[in-house]
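Please keep the sequence and the structure in view while reading.

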Amino acid sequence: MSRNLSPREEKNVVVDVRLLEEENRRLKERLNSYSIIFERSLDAIVIFNKHGEFVDVNEAACKLFEMDKCELIGKKLSMFLELVPPDILMFQQSMLHKFGAFSDELLIKLANGKVKHIEFSMKKDAFNEYDLVIMRDISAHKALERERIMHEFLFKDVFNRAVDSIVIFDEFGRFIDVNPAFCMSLNLEKAKLLNLSFQQFIAKEDVDDFVRLLAELKEKGTAKGELSLVRLDGTVKMFELTTTSNVYSGFYMAIMRDVTDRKNMEIKLQKSEERFRAIFEQAHEAILIWDDYGYILNANRAASRTFELPLNLLVRKNLLDFLDHNDEKVKRIFAEFRKNGEIRDELTFHMPNGEDKQLEFTMKKGAIDGYHLTIFRNVTERRKIERELRESEQKFRSIFDHAMDGILLWGQGYRILDVNPIACEIFQAGKEQLLHRPITEFIPEKARKHFRKLIQQSERVGEAYAEVDFSNDGKQKIIEFALKKEIIPGVGMMMLRDITERKEMELQLRKSDTLNVVGELAAGIAHEIRNPMTALKGFIQLLQGSIKEDYSMYFNVIMSELKRIESIITEFLVLAKPQAIQYQQNDICKIMQDTIDLINVQAMMHSVQIIADFVPQLPPIYCEPNQLKQVFINILKNAIEVMPKGGDVTVRIRQSDDNHIRISITDQGCGIPQDKIKKLGEPFYTTKERGTGLGLMVSYKIIEEHQGKIDVESEVGVGTTFHITLPIKRVEKEDDHDEI
């Protein structure tokens, strides 16, 4: 049952209701104001629950995330934070839990793939258990900041890397900042330069120009000019500069290009042009400047003399007026000049006075202001002299190259300057090998001492002559040298002649003379000795029968010696007495085998075995069998006698080539020294203790008559080989036919 209110209480209730209605109205107005602020705020406002899900968002938040409100409600913030590293998210959450509020920046990636840079401020439990986040899109601001940083970085990079000098200075010319290029130009460190100003380096003559440049810079904001700066070491650097005001914190900037080298080059070019003008006027060579059509535009005084015309007439002429237009060489030269832009050659120019001149020239296309330059030299006389010298040289070269003797020219240090083919043959080297090398390098070592004495003699008396032994590998070679110290200044000449054959002929001539003397003596001696020898031999045989047995040994010795004397006389008679020789085709192997059979008994008595090594079916040779047997017997006997302790004698018969048979007889005796081999065959020269040398001499003569030759190879302590070479077919000489 309700209690009735008193009037006072009723009045109080009415007052409370009114107060409540008023409070409610005010709250609605405030809520409406908050709602308007919430919706109309330029910043995105988002309310999240404890799970990070969107509970409410304003219109700015929808624009920020580019989604409708209904789409955003219920979404989690984490789905937009995939670009944020986990450790950053953890750090931000820990800061929020610790302080209850936190501000920072984040990258969000929208559903459409767009990325935005946002600045946010978060309040934990702003509405009971709901979190409040206010977000602002700062992507454009960040882009501008990045661009500013990039521009600043690029400016610094360009400033530091620029090839040109860059200087930041104040209105008084004091250096605020300078780049490395400027430091390098003035050869000073940056720290020292920043305490200085332009005025301390400006050359005196440029001070007023710099003052005017600063005035123009303050008035117009930019100025250009040239400036010379004097470095501390006194050297001058010249710059072209462009200045700009208020580009860097209100200071001025100057971009300066070092033009010192260019200016110096311009000065040099100016001086060079002055020199060229002087050279052009004073040159001894003719110089013409002409255009594309050949018309002469300028000429010097030498050109006037060369082309036999006054200058005022010469410059009216065309260069082609002096040439034969139809000459193929002229056409070729000008075609090549147009193609390559330059040419060096010579042509015959026809002068107005009818004279022809041979001019050597150098043409350069566009050399002076686009016009062509030609320098001429009169080589008429020189070409005539060269032609005469060339003809003279050709004659000398022909004589030099075709001379029968070797000719060698030497220069400083006895180095070979030139050599003819005969000299190359003597030195057994090609011309390329000999040129520019010292002569002594090609002289056999054993002959160098003799050759140096020859050079010394040439130095003393101006010339020298000698015969030098060039023998090598057992082959005899003797060269005759004739030296002339100077045939022309600085050039010596050597004449060389191979006189080996001449020496051999002289040796053979001496042998022949000896043989003739022996032959003449033999005819008389043989008869003079044989007559008493017959009597002695007969009486000795008579006495032998009447003398007692005790003296028989003496008789044997006497008879043996008499037989030896008789054999020597017989050999003498072979030399002296002309014998009728009948050459016939014979089997050389059969002749040798008969000889071996004949001498085999003597060989066995000396423990010597004769080994026959014949190639079967050798062609027959024209020979006198008995004479060849005599040769073989002499050589085989010698082989047996040089082996007192026994051994082998090898006889080989081969066909050495299509026209010759070679017989080689090799023993195992003591051998013959090389210096004695060449004396074999001389009368009375022998290596045996009791020999006469006549046996080998007769053998050499018989082989020579058979148109063959005997060669001897020997090695001391090893043995000796006699090589007998005989022709298969005999060539009849005119003397042989005359005798027939």
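**A strand pair and its sheet**

Over seven bridges, strand β25 (residues 660-666) pairs with strand β27 (residues 719-727) in the antiparallel sense. Within this pair, Ile-661 stands opposite Leu-726 of β27. The model is a predicted one, and the positions described here should be read as such.

In general, the strands of a sheet pair through backbone hydrogen bonds, in either a parallel or an antiparallel manner. Here β25 and β27 belong to an open sheet of five strands with mixed pairing, arranged in the order β22-β24-β25-β27-β26. Its edges are β22 (608-614) and β26 (709-715), each of which pairs on one side only. From one strand to the next, the twist averages 15°.

Two helices pack on this sheet. Helix α19 (residues 588-605) touches β22, β24 (647-657), β25 and β27, and its direction makes about 170° with that of β22. Helix α20 (residues 625-641) also packs on the sheet, with contacts to β22, β24, β25 and β27. The direction of α20 makes about 170° with that of β27.

Now to the protein as a whole. It has 23 helices and 27 strands. Of its 740 residues, 36% count as buried. Among contacts with a separation of 6 or more, 46% are between residues 24 or more positions apart.

Definitions and conventions
Residues numbered from 1 in each chain as written. Predicted model: local features only at pLDDT ≥ 70, side-chain atom pairs only at ≥ 80, totals over all residues. Heavy atoms only, no water. Helix = DSSP H or I, 4+ residues; strand = E, 2+ residues; numbered from the N terminus. Buried < 20%, exposed > 50% of the residue type's maximum accessible area, 1.4 Å probe, protein only. Contact = heavy atoms within 4.5 Å. Pairing = 2+ DSSP bridges. Axes fitted to C-alpha atoms, helices over the stretch in contact; angles between N-to-C directions.
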